[in-house]
There are 2 protein chains.
Amino acid sequence: MNAPLKISLDAMGGDNGPETVIGGADRSLTRRPDTEYLLFGDEPTIAPILARYPALEKKSTIYHTDVSVKMDEKPSQALRRGRRNSSMWKAIEAVKKGEADVCISAGNTGALMAMAKLCLRTVADVDRPAIAAMWPTIRREGIVLDVGANVGADANQLVDYAVMGAAMARALFSKSRPVIGLLNVGVEEIKGLDEIKKAASILRESEFPFDYHGFVEGDDLGKGLVDVVVTEGFSGNIALKTAEGTAKQVGVYLKDAMTRSWMTKLGAIIASSGFQALKRKMDPRGMNGGVFLGLNGLVIKSHGGTDAKGFASAIDLGYDMASNGLVQRLSADILEFRQSLGTDENKE
Amino acid sequence: MNAPLKISLDAMGGDNGPETVIGGADRSLTRRPDTEYLLFGDEPTIAPILARYPALEKKSTIYHTDVSVKMDEKPSQALRRGRRNSSMWKAIEAVKKGEADVCISAGNTGALMAMAKLCLRTVADVDRPAIAAMWPTIRREGIVLDVGANVGADANQLVDYAVMGAAMARALFSKSRPVIGLLNVGVEEIKGLDEIKKAASILRESEFPFDYHGFVEGDDLGKGLVDVVVTEGFSGNIALKTAEGTAKQVGVYLKDAMTRSWMTKLGAIIASSGFQALKRKMDPRGMNGGVFLGLNGLVIKSHGGTDAKGFASAIDLGYDMASNGLVQRLSADILEFRQSLGTDENKE
């Protein structure tokens, strides 16, 4: 790709607004210089911040909007107030119009998904887009979806998630046949929800551009057994947040353990390069960004409370997905899967 | 309580069988000496192992059974083969007959729950017993239920879980009004499943012997915000296993970080007392045991793959629950709640 990649940013999104968004874009730009930015938001607020980053300013265009979606607004309220005129909507719309390759927002997740669905529409006849998260494992990075776009999923929706997650894995990990697992409460065939069992039988029996591994459990998520773990959004969100919380909790225990005596404090100082490496490895800002899958366009949700470093990771992720043609791959895979199933079976 | 507490053990349960069960009982006996043990299983196997623990032998009676439930047996198979005659059934039955105060098994969870329901029956008109797990937090121990007895739960079942979890918290933590949270994917009222919202409104509006905190998310589990977190068994099991897996994963990262250079290795040696303390704190064997709640009798499920140290923790937990009269408290609370709701509303 020779033309620069165009990235539209909802400059008003997130707990910390334009400071984080613009600071993040500047960081990402140093790593991925062949980019241009479309910044949507309140120009009088954005312009002076952008002026502090001359390299970024050269690559950026500000598009003024009067409205910004609030972090605590209900999706329906956000749509009423911000459809067509908010920084969030405009940033998504730039993708629809082909003016940008990817949109990134740290704003309200529910509003972002509602606007993205309305503006971009879903691919083929996917009725539910999903949010996919990158998941650190002891072997390699993995993908988990859905981490909270929807509560509950039927068998066909779970299979859609598998197809979409696999397309993302192919785009990100350069694997022609990623390995997919279904999250369940046991590895035996007998256990779990009917919908999961039904999805498992579809995944086993149909032809897909990926390999189906079988069921995985919560403690397998961090092991890297598979490239993609598929689950409905309630349990996916619980798993994601439980993992984040547990990592922090262990961090607290570790700090307590290293400050309990003169000796442990000394040892910790001597081993400080190791603790710094651990801190970098476990920094949630290094792996930030939920990818909306199943839409006719690429939208990435950054954690709302992140800082410039974290927002830069979300931009990096968006860049990588866009430059690997995620949406095109995903659309082709979904269509092929639909055709292989036949319309009747799919519509049941 | 002056009479010794009587503990019935399924000596054949678990991946490692009688060695673990008897070794565990011996460890627990040193901590809680006012106990007597009923050991159910294959006498020719059990007797020579028990003979190695003279103190325990004095307090124990072996009850021979020919049948033991296999770890991978389906509950229906286990019931067909082992109802009335297996070590698992007999150990539960001892509780029913009043010969034991609590039954502990490291056997097959599904079979244990099926047998416990059939043998002991549920309290009042609870239709679904739950499995409650102790959850380590940065503040204090918490309780999470259901961690896998049932997949899915309606609003009334979630409220039952809250009442039962609160009874357990009152028995274990000596708090007259434990604080209860409902696991959800967001703290805003708008989000999550209808059943959870409905349960929340019952918990807010009714009179209970506990305080309702509101929704909690996955990353709150380790914070100790509440005494009891209530969820349906699928997401509860995913959360429990994700937390276990994440703790192990961070352990792997920590080991890598401390062995990356000569300096970090030296620091780790100097700080070794801290790492030992951390290891003890994070040892899953220190907090082992799923408590079956909602039955007319106390049954504890130990992790199947644990060792004697872990099994001893499960016995300790069973001892503490039995000596605090968990089942009596729970039955009284459930009945009172049922009466406060009225039969019609409850039966909807």
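Start with chain A, where eleven strands make an open, mixed sheet in the order 3-2-1-4-11-10-5-6-9-7-8. Strands here are DSSP runs of E, at least two residues, and helices are runs of H or I, at least four residues, each numbered from the N terminus; two strands pair if DSSP finds at least two bridges between them. From one strand to the next, the twist averages 25°.

Before moving on, note that this is a predicted model, in which local features need pLDDT of at least 70, side-chain atom pairs count only at pLDDT 80 or more, and totals for chains, interfaces and linings use all residues. Residues are numbered from 1 along each chain as its sequence is written, while chains are lettered from A and ligands numbered from 1 in the order in which they are written.

**Inside the sheet.** Pick residues 5-10 and 35-41 of chain A. These are strand 1 and strand 2, which run parallel and are joined by six bridges. Leu9(A) faces Leu39(A) of strand 2.

**Across the sheet.** Now show 233-258 of chain A. This is helix 9, lying across strands 5 (130-136), 6 (141-145) and 7 (179-183) of chain A, at about 140° to strand 6. Such angles run from 0 to 180 degrees between N-to-C directions, with axes fitted as lines to C-alpha atoms, for helices over the stretch in contact.

**Between the copies.** Bring in chain B. A rotation of 180° with 0.0 Å of shift along its axis places chain B on chain A, with an RMSD of 0.0 Å (least squares on C-alpha atoms of residues with pLDDT of at least 70 in both). The two copies are therefore related as by a two-fold rotation axis. Zoom to Gly267(B), whose C-alpha, at 2.0 Å, comes closest to that axis among the residues of chain B.

Next, select helix 11 of chain B (272-282): helix 9 of chain A packs against it at about 145°, axes 8 Å apart.

**Last stop.** Select Ser105(A), in strand 4 (102-105) of chain A. Is Ser105(A) buried or exposed? Ser105(A) is buried, because 31 other C-beta atoms lie within 10 Å (20 or more count as buried, 12 or fewer as exposed, and in between as partly exposed, with C-beta atoms placed from the backbone). Beyond its neighbours within four places in sequence, the contacts of Ser105(A) include Asp10(A), Met88(A) and Lys301(A).

Conventions
Two residues are in contact if their C-beta atoms, placed from the backbone, lie within 7 Å.
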